[in-house]
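Here's a quick tour of a protein chain, written for someone new to reading structures. Have the 3D view open while you go through it.

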Amino acid sequence: MNGLTVVFGSGAVGRPIIETLAARGDRVRVAQRGTPQALPASVEHVACDVLDADAVARAVEGAAQVVLAVVFPYDARVWRTAWPQAMANMLAACAASGARLVFIDNLYQLGPQNEPRHEDMALSEIGEKPAILTAVTRMWLAARDRVRVAALRCPDFYGPGVGHSHLGAFALGELAKGKPAQLLVPPDTKHDFAYVPDIARAAVTLLDAPDDAFGRAWNMPCAPIRSPRELLAIGADSLGQRARIWAVPLWLMRPLGLVYRMAKEVVDVGFTWDRPYAVDSGAFTRRFGFAPTSFAVGIPASALSFVAKDR
């Protein structure tokens, strides 16, 4: 689709979306509070706090499409106000400008499940962060008569240079240093992980899609489900290391959460780790013919990026 695309957030997920769009010659504006590092020369930057309605409206002015790829601190106390405010600002700005919105979303709002998560499952309020995302989902669903929204629901992600991930700096990054990988989650629970370059590719696919792809959520395609131990073994092999893992048992996370906030936040969505966590992405795959990157490619690329970073 031609026209200006405004991307909110240039972090782990936003940046590859920006770079993909810029590389093919699209007009791109990045909106975020701080100055992004090393943007492509053709990309415009505007200072914008996503929690400031007027600033968001100015950033979206003249846009044909918007990507919401912001990341807030992993803390329900922040999410409680930040996510509803950000979504309200985004919907108001897109309604005023007529821009379509691609929202890089999560799957917590589907709650505990014993089968692969699909888009038609009921929303859940089990846990603080799931309840917040359920409220945000209801906001954009209620606005579908005013704004064309497509939510790309992603599980935990990983990728080259992605530090904040269960497979990030404390896992693959530690293996790259010859140290044991550190996990706050069970190493042997099967869990879907999305590759960040694939998320960017899927987001651009939605930006290019006709309007009938909007007004709904899409689950992000992932490589066939594996456990963290299996994935870290692939990473260790690519680094010429032995896969050593130091993991905190799930039962210990609740008392640990009394003194360590991240542990408390993991417990809040403990249903993502107390059983296999699988995502049914068949709808996206059938519609767009999308093939995710294999772990045999993605994990070594991610592991070796930490070696390059330390040089």
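This is a predicted model: local features need pLDDT of at least 70, side-chain atom pairs count only at pLDDT 80 or more; totals for chains, interfaces and linings use all residues.

A residue counts as buried when its relative accessible area is under 20%, as exposed when over 50%, and as partly exposed in between (1.4 Å probe, protein chains only).

Residues are numbered from 1 along each chain as its sequence is written, and side-chain values use heavy atoms, with hydrogens and water left out.

**The whole chain**

The protein chain has 11 helices and 11 strands; these are DSSP runs numbered from the N terminus, with helices being H or I of at least four residues and strands being E of at least two. Its radius of gyration is 19 Å, close to the 19 Å that the globule rule gives for 311 residues, so the chain is as compact as a globular protein of that length. (The radius is taken over C-alpha atoms, and the rule is 2.2 Å times the number of residues to the power 0.38.) Along the principal axes, the C-alpha atoms fill a box of roughly 55 × 40 × 40 Å.

Contact means heavy atoms within 4.5 Å. Of the contacts in the chain with a separation of 6 or more, 75% are between residues 24 or more positions apart.

**Two pockets**

Now for the pockets. On a 1 Å grid over the protein atoms alone, a pocket is an open set of points where a 1.4 Å probe fits, with protein on both sides within 12 Å along at least five of seven lines; lining residues have an atom within 4 Å of a point. Grid points are joined across faces, edges and corners, and a volume is the space filled by probe spheres set on the points.

| Pocket | Volume | Lining |
|---|---|---|
| Largest | about 1,500 Å³ | 48 residues |

In the largest pocket, V71, Y74, F157, H164 and S165 lie nearest the centre. Elements giving two or more residues to its lining include α1 (14-23), α3 (76-97) and α9 (261-268). The largest share, four residues, comes from α1. By class, this lining has 33 nonpolar, 11 polar and four charged residues. Here Ala, Val, Leu, Ile, Met, Phe, Trp, Tyr, Cys and Pro count as nonpolar, Asp, Glu, Lys and Arg as charged, and the others, Gly among them, as polar.

Which residues of α9 are buried? They are A263, E265, V266 and D268, and what covers them includes α3, α4 (128-142) and α8 (250-256). V269 lies in the loop between α9 and α10 (282-288). V269 is buried too, with a relative accessible area of 2%, and touches Y74, Y108, K129 and P130, not counting residues up to four places away in sequence.

L232 lies in helix α7 (residues 228-239) and is buried, with a relative accessible area of 0%. Leaving aside neighbours within four places in sequence, the contacts of L232 include L167, A181 and I245. L232 and A181 are 51 residues apart along the chain, with their C-alpha atoms separated by 7.9 Å.
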